[in-house]
Amino acid sequence: MKNLYLEGSAKTPAVDFDVNTGVLVLRGRSIPENSIEFFRPIKEWLDVYGIEPRIATRVEVRLEYFNTSSSKCILDLFKRLERMNVGPTEVLINWYFEKDDEDMEEAGEDFKSIVKLPFEIIEVDEI
Amino acid sequence: MVLKDVYDFYKRMEDEHVILSFKGVFTSELLTSILHIMDIKMSDLGIVRKKKKRVFHVLVECLQNLYHHIEEVNENQEETLLEKAALIIVKHDGDRIVIRTGNYIHNQGIEEFTERLAEINTLAPEDLREEYQKKLLNNELSEKGTAGLGLIDIARKSKNKLGYQFIEIDDRTSFFCLSVVIE
């Protein structure tokens, strides 16, 4: 299986999912008008990855903004990851927010309360 | 003299601290451009990063509401081009950013819509958060990718009540005005 790499754009985040390291990174803005289209290949990639995931998978969410349409799709990704977090396989989520960005911190807390995965909310100087 | 209109128009925008306005059909490309322009304008105005992010967030949801609304209207072939067009005005008044949008809607949906807007306005910040989480977990995305979370999110991020009004045009159509203030 191949790594998933998508370049970021004005409305979509950069995606860097590495099958060898088990590190999956989302970075930038996620504000497409229709997020279903954008997130479809990511979901499909995760479904294949989920058949034989690395023993440890770390998801790094480094988003500057995301719209309400994306929030639903992000939750959907987390739900897929939840299903992988069984047996010896460990999945953890690192949610980054920029210092003073209470909205992104709160958004992380919102997801943390819904998602049944180890979920770290991490403050950084710059996302 | 007809050309005086130009100055009158300019003066009015100046007096009302309008920093951006657009009337027409909202396409995906236009949304990208407006967001880019607002990004630069807010930097030029020296708006602090935290507030800039909040305005940007509200603006994204407002613009996408207009974008998806127009898609809906487009489905009906009988609609005129006028009804597909919408309006956005952004003002920078003192420390406040005011985002106003206007678009045509069918009269039949107004009652339900008004109830929804009124309900959102009764919610305290923690209730809005709870409502958001609940909808995030339970709502399905529509085919267009809308989550039904836009207005809740606008109220939540702006930290102000939503201003709204419906102006009846005829027995079929009204003009819906939304006003969001970010302090």
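Colleague: How many residues of chain B are in contact with chain A?
Modeller: Contact means heavy atoms within 4.5 Å. By that rule, 36 residues of chain B are in contact with 30 residues of chain A. This is a predicted model, so local features need pLDDT of at least 70 and side-chain atom pairs count only at pLDDT 80 or more, while totals for chains, interfaces and linings use all residues. Residues are numbered from 1 along each chain as its sequence is written, chains are lettered from A and ligands numbered from 1 in the order in which they are written, and side-chain values use heavy atoms, with hydrogens and water left out.

Colleague: What area is buried between chain B and chain A?
Modeller: The size of an interface is often given as the accessible area lost when the parts come together. Buried area is that loss with a 1.4 Å probe, summed over both parts. Between chain B and chain A, about 2800 Å² is buried. Carbon and sulfur atoms give 50% of that area.

Colleague: How many salt bridges cross the interface of chain B and chain A?
Modeller: Side chains of opposite charge can pair when their charged atoms come close. A salt bridge here is a side-chain nitrogen of Lys or Arg within 4 Å of a carboxyl oxygen of Asp or Glu. The rule finds nine across the interface of chain B and chain A. One pair is Arg49(B) with Glu98(A), with the closest N and O atoms 2.6 Å apart. There is also a network: salt bridges link Glu106(A), Glu109(A), Asp110(A), Arg129(B) and Arg156(B).

Colleague: How many residue pairs are in polar contact across the interface of chain B and chain A?
Modeller: A polar contact is a pair of N or O atoms within 3.5 Å; within protein, one must be able to donate a hydrogen and the other to accept it, and residues adjacent in sequence count only if both atoms are side-chain atoms. The rule finds 20 residue pairs, both members at pLDDT 80 or more.

Colleague: Which helices of chain B supply at least two residues of the side that touches chain A?
Modeller: Helices (H or I, at least four residues) and strands (E, at least two) are DSSP runs, numbered from the N terminus. The helices of chain B are H2 (28-44), H3 (49-74), H6 (125-138) and H7 (150-158). H3(B) gives the largest share, 11 residues. By type, this side of chain B has 11 nonpolar, 11 polar and 14 charged residues. Ala, Val, Leu, Ile, Met, Phe, Trp, Tyr, Cys and Pro count as nonpolar, Asp, Glu, Lys and Arg as charged, and the others, Gly among them, as polar.

Colleague: Lys72(A): buried or exposed?
Modeller: Buried means under 20% relative accessible area, exposed over 50%, partly exposed in between (1.4 Å probe, protein chains only). Lys72(A) is buried, at 12%. It is found in helix H2 (residues 68-84) of chain A. Not counting residues up to four places away in sequence, Lys72(A) touches residues of chain B including Lys135(B), Asn138(B) and Leu141(B).

Colleague: Which residues touch the most other members of the largest nonpolar core?
Modeller: A nonpolar core is a set of buried Ala, Val, Leu, Ile, Met, Phe, Trp, Tyr and Cys residues joined through side-chain atoms within 4.5 Å. The largest has 79 residues, and Phe78(A), Ile88(B) and Ile99(B) touch the most other members. H3(B) gives the most to this core, nine residues. Beyond four places in sequence, Ile99(B) touches Val55(B), Leu59(B) and Leu178(B), among others.

Colleague: How many salt bridges are there over all chains?
Modeller: The count comes to 25. Glu64(A) and Arg29(A) form one, at 3.6 Å between the closest N and O atoms. Glu64(A) lies in strand E4 (residues 56-66) and Arg29(A) in strand E3 (residues 23-30) of chain A, so the pair ties together parts 35 residues apart in sequence. Arg29(A) is buried, at 17%.
Arg80(A) and Asp76(A) form another, at 2.5 Å. Both lie in helix H2 of chain A, four residues apart, about one turn of the helix. Arg80(A) is buried at 18%, whereas Asp76(A) is partly exposed at 28%.

Colleague: What is the phi of Asp100(A)?
Modeller: Most residues other than glycine have a negative phi. Asp100(A) has a positive one, about 75 degrees. Asp100(A) lies in the loop between strand E5 (90-98) and helix H3 (102-114) of chain A, and is exposed at 52%.

Key. Buried area is the accessible area (1.4 Å probe) that two parts lose on being put together, summed over both.
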